[in-house]
Amino acid sequence: MDHHLEQQAAESEKKAVKLLGMWASPYVLQVRWALAMKGVEYEYVEEDLRSKSAQLLAYNPVHKKVPVLVYHGRPIAESQVILEFIDDAWNHRGDPILPRDPYRRAMARFWARFKQDKLSPPIWRWFTTEGEEQEAAYEAAVEQLLVLEKELAVSGKPFFGGEKVGFVDLSLSPLAYVIPIYEEIVTGGGGGGVKMVTEEKMPSLAAWMGRFLSSPAVRGHLPPLEKLRPRCQAMREAFLVSARAKVEQQQQQ
Amino acid sequence: MASGSEEKAAVVRVIGGWACPYAIRVFAALKLKGVEYEFLQEPAGRKSELLLKSNPVYKKIPVLLHHDKPICESMIIIQYIDEVWASNGPAILPTEPYARANERFWAQYVDDKIAPAFLVLRGRTNGDKDEAAAQVSTALEHLEEAFVKCSQGKHYFGGDRIGFLDLVFGSHLGWFRAVEKISGIKLLEEDKYPEITAWADRFCTHHAVKDVMPETDKLVGFSTNSALKAKPTTN
C-alpha cells in the first residue's frame, strides 16, 4: 500500500517538474545533481541548441538558454537561481543545499559568484589560447584556485558545504571534471603535461575533485567524459584557428 | 569618517559610496529593516585599508561589516540583512519559492544589462552609445511586463511593500536620470513604460529611499569629475 502511494507521488511529481537541458552543459548538470540530492523526480528534455525548440523559446524568451526548470508549468531560468529554487521548494526534503545560518549562506553565495567572476574567465582563456596569452591566463587561474584551496584547507572539511555536498560544491562542480579534460587537451598528448590542479600545490582541491565525483548525487549521473573530450578538443582548435587567422590578417596589413 | 580608536565600532557598518547604486540599495535595505548603521564613505580615487582588508577578493564597495564580519556583493548583503533581521518588519524577499526565484532572476538581469550600458552612455567605458541605449530599452520593455506580473496591481515589484527587485532595480534610478542628462538620450519614457515610470516616482519618494537616493545634478557632477580624473571604473 505504501509503495503504491509512493509510486503515485513520484509519477505525479515527474509530471510537475520538467528540466530543459543539453548533455554537455555544466550548468544543466549542476541542476540535475541538485534535483538528485533532493530526490526529485522530473522529466528531462534534451535541447538542440543549434535549433532551439519552441518550448525553450517560450519558457526562456529573455536568454534562450538552458537549463530551464519548469515547475507546475512555470519556468525558472539561470542555474544559480534554479539551485536556490530547488533548495526553497524542497526544503522539507533531504539535506539543505544552502546552509541555514545567514552568515554561512552569505559566504556560500559569495563563493558561487567568485567561481563565475574570478575563476571561470581565466580558465576558459587558458583553454582557448596559446603562447603568452595562455601563460598569463594560467597564472591568473592558479592564483584564484589557490584562494579556493586556502578556503577548503582552513575549513578542514571534505566539502565546501561541510560534511556533505552543498551549494558551493555544486557551483564549483564543473572544475571537478572539466579541468582534467582541459589539462589533457592542452598538453596535446606530449610528455610532461601541464597540470592546473596538482596534489602538491592544491592538495585539498585535488582531493575534493575526486571526492565530489564519487558523492551520491553525482554517482547517479556522471558527466559524459568520453563525449566531452572530443567536443572540448574541437572548441580549442576552433578558437586557436580563429586567433591565428586574425594575427595573420593583422600581419598582412 | 572613522570613529576614535577608543569608541567601539558600530555593530553595523557599511563601506560604500553615496553615488554607488550597489551601496544605495544596501542603505535602503537597512532602513527598511529599521537597522542603525554607520556609513563609511570610501575616499575618492583610492581604496581604504579597511576595504582592502574586508574585501580582498574583489576590493569593491559595498561591504557590510556586522560585528566586524565582512559580507560582500550587494545582492548577497541584502539577502543577509533580510535573513538576520527577519523579525524586523516585512520580508524583503517573498517567502514563496517561485516568487523568490522570479525576483532573483530579474535582479540579476537588471545588473547585467543596465549597469554596463550606463557606463557606456556616461562615456566611462568604450562602446556604441546607440547600442547601449537600445539595450536599456529592451531591458525596460521586459521589466515593464515583469512589473505588471509581480506587482499584481499593487505599488511595487514586491506587491504592497518594497522588496528585493525594487531595491536592485530602484537603486539605479538616480543614475537613470543623470545618464539621460549626460547622454541627451531619454531612456525612461513615460508613454512607453507607464508602469515603471509611476513605480520609479513611488520608489524614490519612499521613506527608506529618499534620504539615500542622490540628486540628479550631484550625480552628473560626480560623473564629470570622474571622467576628468580618468580612473578605471570601481563598481
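**Notebook: the interface of chain B and chain A**

I looked up the area buried between chain B and chain A: about 2,300 Å², with 68% of it from carbon and sulfur atoms. On the chain B side, Tyr58(B), Tyr98(B) and Phe105(B) lose the most area to chain A, and together they make up 28% of what that side buries. I note that this is a predicted model.

Next I checked the contacts. I found 23 residues of chain B in contact with 22 residues of chain A.

Then I turned to charged pairs. The rule finds seven salt bridges across the interface of chain B and chain A. I looked up one pair, Arg105(A) and Glu83(B), whose side chains meet in a salt bridge at 3.0 Å, N to O.

I asked which elements of chain B give two or more residues to the side that touches chain A. They are β4 (69–72), α3 (74–84) and α4 (97–121) of chain B. Of the elements, α4(B) gives the most to that side, with nine residues. By residue class, the side of chain B that touches chain A divides into 14 nonpolar, three polar and six charged.

Last, I looked at burial in α3(B). Nine of its eleven residues are buried, so α3(B) is largely enclosed by the rest of the structure. I listed the buried ones as Ser74(B), Met75(B), Ile76(B), Ile77(B), Ile78(B), Gln79(B), Tyr80(B), Ile81(B) and Asp82(B).

Key
Residues are numbered from 1 along each chain as its sequence is written. Chains are lettered from A and ligands numbered from 1 in the order in which they are written. This is a predicted model: local features need pLDDT of at least 70, side-chain atom pairs count only at pLDDT 80 or more; totals for chains, interfaces and linings use all residues. Side-chain values use heavy atoms; hydrogens and water are left out. Contact means heavy atoms within 4.5 Å. Buried area is the accessible area (1.4 Å probe) that two parts lose on being put together, summed over both. A salt bridge is a side-chain nitrogen of Lys or Arg within 4 Å of a carboxyl oxygen of Asp or Glu. Helices (H or I, at least four residues) and strands (E, at least two) are DSSP runs, numbered from the N terminus. Ala, Val, Leu, Ile, Met, Phe, Trp, Tyr, Cys and Pro count as nonpolar, Asp, Glu, Lys and Arg as charged, and the others, Gly among them, as polar. Buried means under 20% relative accessible area, exposed over 50%, partly exposed in between (1.4 Å probe, protein chains only).
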